[in-house]
Amino acid sequence: MTDRQLAYVAGAGSAALLIAALGFQAAGYMPCELCILQRWPHVAAVVIAALVWLTGWTRALSILGMVAAGTAMGFAIYHVGVEMTWWKGPAHCSGGVADFARMSASDLMTKLQGTPVTRCDEVAWRFLGVSMAGWNAICSAILAIIWGMAARKAGNRG
C-alpha cells in the first residue's frame, strides 16, 4: 500500500469506530463522559485523513493522525483503568456523592437529578471479556501503527 492509502485506511478505521459507537448508542448503550471523550480524537483522525486526500501532505499529517489515534488509545486505557478500579475516574461519573452526610434532602435530590445516568466505572458491554473502552484502546493502537507506517513510507520517498 502507498503512504496515502495507509492514511486513508487509518482515517476510515476511525470513521468505522465512530459509526460503531453511534450504533451502540442507537441500540441503547448510552455513552458515559469518558466514552464521549474517546470519540474526539477519532473525529480529528477522520479530518486529518480528509486533509491528506485534499492536500497530499502525507508525512506531516500522518504524524498528526498517529498522535490523534494515540490520544484516543490513551483516553481508552484511562477508561479501562477506571472500569477495572485501578484508579478513580471523574467524580461526577464514577459514583458517589461528595459530602453526602452534610447535605439537606433537597440538596441531595438536586445533586442526584444532575448526576449522569451512565457511569464511567461500570462496563455496559463486553466481547471476549474486553469492554468497549478496551476494544477502543486495541483498535486505536492499531490505527496509530497504520498512521505511523504511512508517515514512514512518506518519509522514505523523499
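**Contacts, core and helix**

User: Leaving aside its neighbours within four places in sequence, which residues is Ile 146 in contact with?

Analyst: Contact means heavy atoms within 4.5 Å. Ile 146 is in contact with Leu 6, Val 9 and Ala 10, leaving aside its neighbours within four places in sequence. This is a predicted model, in which local features need pLDDT of at least 70 and side-chain atom pairs count only at pLDDT 80 or more, while totals for chains, interfaces and linings use all residues. Residues are numbered from 1 along each chain as its sequence is written, and side-chain values use heavy atoms, without hydrogens or water.

User: Which members of the largest nonpolar core touch the most other members?

Analyst: In soluble globular proteins, nonpolar side chains tend to be buried together. A nonpolar core is a set of buried Ala, Val, Leu, Ile, Met, Phe, Trp, Tyr and Cys residues joined through side-chain atoms within 4.5 Å; buried means under 20% relative accessible area (1.4 Å probe, protein chains only). Here the largest core has 15 residues, and Ala 7, Ile 48, Ala 69, Ile 146 and Trp 147 touch the most other members. Two or more residues each come from α1 (3-26), α2 (33-55), α3 (58-83) and α5 (132-157); helices are DSSP runs of H or I, at least four residues, numbered from the N terminus. The most, 5 residues, come from α5.

User: Where is Gly 11 placed?

Analyst: Gly 11 lies in helix α1, and it counts as buried because its relative accessibility is 5%. Its C-alpha atom is separated by 4.7 Å from that of Val 46, 35 residues apart along the chain.

Notes
Buried means under 20% relative accessible area, exposed over 50%, partly exposed in between (1.4 Å probe, protein chains only).
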